[in-house]
Protein chains: 2
Amino acid sequence: MKPLSLLFAVAAASSAIAQPIVSPEVHSDRRVTFRIKAENAKAVQLNCEGVPSAPMVKDDAGVWSFTTEPLEPDIYAYSFNVDGVRTIDLNNPLLKYNLLNTESQVHVPGPSTLPWEINDVPRGTVHRHFYRSAIAGDEREFLVYTPPGYDASARKRYPILYLLHGYSDDATAWTSVGCAHIILDNLIARGKARPMIVVMPLGYGTMDIVKAGWSRVRDPQLWRRNVDQFAGTLLTEVMPQVERRYRVATGRESLAIAGLSMGGWQSLTVGLNHLDRFAWIGAFSSGGVSTNLSEHFPNLNPRANAKIRLLWVGCGKEDWLLGSNQRLSEWLQSREIRHTYVESPGGHSFRVWRRYLAEFLPRLFRE
Amino acid sequence: MKPLSLLFAVAAASSAIAQPIVSPEVHSDRRVTFRIKAENAKAVQLNCEGVPSAPMVKDDAGVWSFTTEPLEPDIYAYSFNVDGVRTIDLNNPLLKYNLLNTESQVHVPGPSTLPWEINDVPRGTVHRHFYRSAIAGDEREFLVYTPPGYDASARKRYPILYLLHGYSDDATAWTSVGCAHIILDNLIARGKARPMIVVMPLGYGTMDIVKAGWSRVRDPQLWRRNVDQFAGTLLTEVMPQVERRYRVATGRESLAIAGLSMGGWQSLTVGLNHLDRFAWIGAFSSGGVSTNLSEHFPNLNPRANAKIRLLWVGCGKEDWLLGSNQRLSEWLQSREIRHTYVESPGGHSFRVWRRYLAEFLPRLFRE
């Protein structure tokens with residue numbers, strides 16, 4: 001047994017984990033214990049969605065821990081604060097990757113009927129395409145979900161949903177955090193959603209808006225340029241590539257656009273201003289909603305109702321953006337634009353958006 | 001300007017970054033400045049590949065920084081140690097994701113001829129497939145790179161490289177850290193590599209070997225079970241799916257297998273024991289190499305030379321696994337098995353493996 005030990009001895013020493021820390025530990029009663037080793041720290045705090053902000057307690061080995069009450073089955077984002085420094089849980093491979101604010105995640109498993117639980121059903125595929133954007137002036141990517149059984153050489157053609165992420169996410173967020181591919185697999189297997197292609201582009205018209213962080217999001221000119229240029233990348237760069245490479249159905253009745261936060265506002269901007277192309281629109285917890293909606297949607301009037309098959313607007317009741325989403329719905333109503341408006345429990349979180357996606361998908365592409 | 005400010009005010013406040021920390025900052029002379037805010041910390045250290053371990057210095061705002069000497073163009077992994085707690089650089093979205101040891105990365109750009117630099121060339125696509133493994137008893141994935149111009153409905157058929165990651169990596173490592181898709185795009189565009197399909201499966205026969213961390217890697221029975229079961233998942237689960245879904249050339253002359261560290265040893269194990277299926281084999285910095293090679297490769301004799309089109313073995317001179325790779329090469333020599341053996345500068349690092357891949361690919365599938 002010794003030789004193999006020797007081969008890895010240096011590695012084991014360099015990773016310096018004799019006794020690996022188990023974190024998070026999800027107990028059978030759905031309590032969760034979080035742990036982090038920080039021998040010299042004075043105060044360590046857990047910041048976890050759905051859990052009151054909690055100081056952790058240190059043991060003799062320098063491991064800080066905190067155990068929650070039983071949590072509802074869900075996927076929760078969290079991080080630690082160690083003496084004022086935010087850190088993720090490096091003992092946990094489940095990340096919530098983000099361009100500005102990567103966190104860790106804990107999955108509290110629940111019934112297989114929860115839309116994001118992986119089931120033994122036929123699985124779709126996620127394709128990552130790379131291209132140079134002339135509009136944004138950079139190398140970027142878009143992801144494409146194809147449903148189970150999709151066959152590029154067959155005759156069948158599929159409707160498309162363009163699904164947009166939020167500010168500070170990247171193109172992988174809807175799958176890696178939002179579980180979009182899992183939700184689709186489950187709904188399709190249960191006959192609740194039509195098999196469709198889902199395209200998830202990078203949602204920035206200019207990366208400038210990300211580089212300077214949250215402070216620059218407040219700059220209305222930069223924000224407007226970001227949204228306008230994004231529309232350009234979508235309509236003139238991404239959509240033609242998708243239509244060339246995939247077996248897509250043609251016509252506005254086969255095209256949907258939806259997104260979360262920044263992506264919700266982009267879906268409204270692109271969708272409602274291009275009703276010749278999109279018949280199905282979803283806006284989840286929209287962020288950066290214009291304060292002058294009449295100027296932003298100059299041509300929107302009740303005749304649009306004949307074209308809009310679905311306009312679905314939702315926001316969490318604890319979301320800081322609730323007010324602007326209420327204002328949006330009221331404005332649509334004042335213009336006599338038919339839409340579904342939903343307020344649900346929750347904040348500005350993927351806990352809300354996974355549920356919204358599962359609620360939205362079954363309504364798409366129906367006769 | 002005020003209303004938009006208000007919409008995002010809470011977000012800006014919650015992310016608590018008035019002045020975003022820029023880290024890493026790559027200067028035009030290729031020095032790199034790393035920064036982390038830790039007002040209460042007593043000592044902060046930078047651990048970065050290719051940089052002598054370095055204490056950082058705190059400024060009045062509580063920001064610790066360190067600036068390197070000019071670094072050679074490359075991609076370097078790094079992390080911080082804050083009062084004894086390892087942390088990644090949360091101001092930097094470029095992660096080196098790993099199941100046991102996620103780090104940050106800094107890209108010091110270089111000439112466009114470096115294999116991992118993105119160029120304005122036709123780009124391939126990376127496909128992510130999900131399936132249930134009967135052998136491993138879990139849900140897992142494999143990634144597939146298809147070259148530029150790949151057309152599922154065309155007649156052309158492509159050779160396949162199975163490319164295996166190392167212990168503690170996941171199936172995304174060869175692309176997200178190893179830049180395999182970029183290296184392939186570049187080499188194909190320059191006519192230096194044949195267009196090929198590259199399959200990157202999850203490399204564990206059992207996730208047990210990951211769950212308990214580096215300490216359990218030393219357990220030879222678990223290690224053996226991991227390698228054997230991995231071979232099963234590859235040969236009986238992944239390969240049939242790839243052959244069914246992609247336009248693959250048939251026959252051993254069109255099949256290669258290569259990998260790094262654990263994946264190097266798996267490539268030798270699968271390849272040399274299945275010369276009826278693979279003609280091209282690469283082993284980069286192999287880890288966990290058996291101490292009884294004659295028992296592990298019972299049927300290997302000089303008649304194999306007629307079947308082996310390429311057996312490429314390489315290891316970094318500063319790699320702690322150099323000894324076992326030398327022993328491997330000596331054993332092959334003693335058995336009169338023709339092979340290429342390379343020792344190169346560098347340690348157990350993707351800095352070495354990106355270069356090995358770029359050296360290995362041009363030799364594959366030649367007449």
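## Interface between chains A and B

The contact (heavy atoms within 4.5 Å) takes 64 residues from chain A and 64 residues from chain B. This is a predicted model: local features need pLDDT of at least 70, side-chain atom pairs count only at pLDDT 80 or more, and totals for chains, interfaces and linings use all residues. Residues are numbered from 1 along each chain as its sequence is written, chains are lettered from A and ligands numbered from 1 in the order in which they are written, and side-chain values use heavy atoms, with hydrogens and water left out.

About 5,600 Å² is buried between chain A and chain B, and carbon and sulfur atoms give 67% of that area. Buried area is the accessible area (1.4 Å probe) that two parts lose on being put together, summed over both.

## Polar links and composition

The rule finds two salt bridges across the interface of chain A and chain B, a salt bridge being a side-chain nitrogen of Lys or Arg within 4 Å of a carboxyl oxygen of Asp or Glu. One of them joins the side chains of Glu139(A) and Arg123(B), at 3.6 Å from N to O.

On the side of chain A that touches chain B, at least two residues each come from helix H1 (2–15), strand E2 (32–37), strand E8 (85–87), strand E11 (125–133), helix H5 (214–217) and helix H6 (220–245) of chain A. Helices (H or I, at least four residues) and strands (E, at least two) are DSSP runs, numbered from the N terminus. H1(A) gives the most to this side, with 10 residues. The residues of the side of chain A that touches chain B comprise 34 nonpolar, 18 polar and 12 charged. Here Ala, Val, Leu, Ile, Met, Phe, Trp, Tyr, Cys and Pro count as nonpolar, Asp, Glu, Lys and Arg as charged, and the others, Gly among them, as polar.

## Strand pairing across the chains

E11(A) pairs with strand E11 (residues 125–133) of chain B in the antiparallel sense, over five bridges. Two strands pair if DSSP finds at least two bridges between them. Within this pairing, Arg128(A) stands opposite Val126(B) in E11(B).

Val126(B) is also among the contacts of Thr175(B), which, leaving aside neighbours within four places in sequence, touches Val126(B), Leu143(B), Ala180(B), His181(B) and Met200(B). Thr175(B) lies in helix H2 (residues 173–176) of chain B and is buried, with a relative accessible area of 3%. Buried means under 20% relative accessible area, exposed over 50%, and partly exposed in between (1.4 Å probe, protein chains only).

## Strand E3 of chain A

In a regular strand the side chains alternate between the two faces of the sheet. Strand E3 (residues 44–48) of chain A has Val44(A), Leu46(A) and Cys48(A) on a covered face, with Gln45(A) and Asn47(A) on an uncovered one.

E3(A) runs antiparallel to strand E7 (residues 74–82) of chain A, joined by five bridges, and Val44(A) stands opposite Val82(A) in E7(A). Three bridges join E3(A) to strand E4 (residues 51–55) of chain A, again antiparallel; here Leu46(A) stands opposite Ala54(A) in E4(A). The hairpin of E3(A) and E4(A) has two residues between the strands, and Gly50(A) in it takes a positive phi near 80°.

## Strand E13 of chain A

Five of the five residues of strand E13 (residues 160–164) of chain A are buried. Ile160(A), Tyr162(A) and Leu164(A) make up one covered face, and Leu161(A) and Leu163(A) the other.

E13(A) pairs in the parallel sense with strand E14 (residues 197–201) of chain A over three bridges, where Ile197(A) is the bridge partner of Ile160(A). Its parallel pairing with strand E15 (residues 255–260) of chain A has five bridges, and there the bridge partner of Tyr162(A) is Ile257(A).

## Further features of chain B

Four strands of chain B form an open antiparallel sheet in the order E1-E2-E6-E5. Strand E1 (25–26) and strand E5 (57–58) are the edge strands, each pairing on one side only.

Cys179(B) sits in the loop between H2 and helix H3 (180–189) of chain B and is buried, at a relative accessible area of 7%. Beyond its neighbours within four places in sequence, Cys179(B) is in contact with Ile75(B), Trp116(B), Trp174(B) and Arg354(B).
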